[in-house]
Amino acid sequence: MSIKYLTAKLAQQIDEELMNQAGAFSIDQLMELAGLACAQALARVYDKKMYPNVLVCCGPGNQGGDGLVAARHLGMFGYTPTIFMPKPGSKEIYQRLKSQCDNMKIKTIPPSEDTSLLRDALSSSNVILDAIFGFSFKGPIRAPFDTTLPLLTDSHLPIVSVDIPSGWDVEEGKIERIGLQSDVLVSLTAPKLGVRSFNGRHFLGGRFIPKTLEEKYQLNLPEYPGSDQIVELKE
């Protein structure tokens, strides 16, 4: 049987169950495992010898938290990540994850209406990790993201997206003109309906779904190889 693609409602439901008595995970655990998977996927496709400089773009929500975790792991893997947060998150967990990156001496571009800082960072980057919008995104794309996404696209750098390319609808796919066209996608938990049309390299990450939830929702997840946190999905 083929892997199940999730609606927005089902993705939300599984997320909630992972963190209640059924799953018994904390959000810290889930972010750590998700971010590690994203860092591993980027490293699998973009070797650090040829792509050492990674611009990690983080949104203000849980997606951005995954990005901050990934940035820290990429630093541990020997890459040189730079963090860009168009609108930093305000939750306590976000602040802690950012402090962990600071302690790794990972550079952060301060949010600014002046796009020259982002343009400069893009000119010295080799690959982008897109952790801006997650599966709860609903358009239209508002400031400051309406200027950020076109700049990422215009850079012509390869893009690795976390869970869903930023600007895509979780169920309908790329309906916003300025939604990113990613080269690599790391679906977390299970892929979402909107990425059925995605034609780049597609990985599944987030090796934390308990058997009980996998069976309850009939997710039909593939087997992860060895100790890998990711598995490539092939049509």
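1. Thr 82 is buried, with a relative accessible area of 15%; the cut-off for that label is under 20%. The model is a predicted one. Thr 82 belongs to strand S2. Leaving out residues up to four places away in sequence, Thr 82 touches Val 54, Leu 55, Val 56, Lys 107 and Ile 109. Its bridge partner relation is with Leu 55, for which Thr 82 is the partner in S2.

2. Strand S1 (residues 53-58) and strand S2 (residues 80-84) run parallel and are joined by five bridges. Val 56 stands opposite Ile 83 in S2. Five of the six residues of S1 are buried, and S1 is thus mostly covered.

3. The sheet as a whole is open and has eight strands, in the order S3-S2-S1-S4-S5-S6-S7-S8, with mixed pairing. Strand S3 (107-109) and strand S8 (230-233) are at the edges with a single partner strand each, so one side of each has no neighbour in the sheet. On average, neighbouring strands of this sheet are turned by 25 degrees against each other, direction ignored. As background, strands of a sheet pair through backbone hydrogen bonds, either parallel or antiparallel.

4. Helix H5 (residues 116-123) packs on the sheet, where H5 touches S1, S2, S3 and strand S4 (127-131). The direction of H5 makes about 145 degrees with that of S1.

5. At the S8 end of the strand order, both senses of pairing occur. S6 and S7 run parallel and are joined by five bridges, and Leu 188 stands opposite Gly 205 in S7. S7 and S8 pair in the antiparallel sense over four bridges, with His 202 opposite Leu 233 in S8. Four of the five residues of strand S7 (residues 201-205) are buried, so S7 is largely enclosed by the rest of the structure.

6. Which residues touch the most other members of the largest nonpolar core? They are Leu 42, Val 54, Ile 83, Leu 129 and Val 160, in a core of 35 residues. Two or more residues each come from helix H2 (27-45), S1, helix H3 (62-77), helix H4 (92-103), S4, strand S5 (159-162) and strand S6 (184-188). H2 gives the largest share of this core, eight residues. In soluble globular proteins, nonpolar side chains tend to be buried together.

7. Neighbours within four places in sequence aside, Leu 129 is in contact with Leu 42, Val 54, Leu 55, Val 56, Cys 57, Ala 70, Val 160 and Val 162. Another core, of 26 residues, lies apart from the largest one; among its members are Phe 135, Phe 208, Ile 209 and Leu 221.

8. Some backbone values deserve a check by eye. Most residues other than glycine have a negative phi, and most peptide bonds are trans. Ala 143 and Pro 144 are joined by a cis peptide bond, with omega about 0 degrees; Pro 144 lies in the loop between S4 and helix H6 (145-154). Ala 24, which is not a glycine, has a positive phi of about 65 degrees. Ala 24 is in the loop between helix H1 (8-19) and H2 and is exposed, with a relative accessible area of 60%. Lys 105 also has a positive phi, near 60 degrees. Lys 105 is in the loop between H4 and S3 and is exposed, at a relative accessible area of 79%.

9. Asp 47 sits in the loop between H2 and S1. Is Asp 47 exposed or partly exposed? With 38% relative accessibility, Asp 47 counts as partly exposed. Asp 47 and Leu 97 are 50 residues apart in sequence, and their C-alpha atoms are 25 Å apart in space.

10. Overall figures follow. The protein has seven helices and eight strands. Its radius of gyration is 16 Å, close to the 18 Å that the globule rule gives for 235 residues, so the protein is as compact as a globular protein of that length. The C-alpha trace spans about 50 × 35 × 35 Å along its principal axes. Of the 235 residues, 52% count as buried. The protein exposes about 11,100 Å², 50% of it supplied by carbon and sulfur atoms. Among contacts between residues at least 6 apart in sequence, 71% join residues at least 24 apart.

Key: Residues are numbered from 1 along each chain as its sequence is written. This is a predicted model: local features need pLDDT of at least 70, side-chain atom pairs count only at pLDDT 80 or more; totals for chains, interfaces and linings use all residues. Side-chain values use heavy atoms; hydrogens and water are left out. Two strands pair if DSSP finds at least two bridges between them. Axes are lines fitted to C-alpha atoms, for helices over the stretch in contact, and angles run from 0 to 180 degrees between N-to-C directions. Contact means heavy atoms within 4.5 Å. A nonpolar core is a set of buried Ala, Val, Leu, Ile, Met, Phe, Trp, Tyr and Cys residues joined through side-chain atoms within 4.5 Å. Buried means under 20% relative accessible area, exposed over 50%, partly exposed in between (1.4 Å probe, protein chains only). The radius of gyration is taken over C-alpha atoms; the globule rule is 2.2 Å times the number of residues to the power 0.38. Accessible areas come from the Shrake-Rupley method with a 1.4 Å probe; for residues, only the protein chains shown count as cover.
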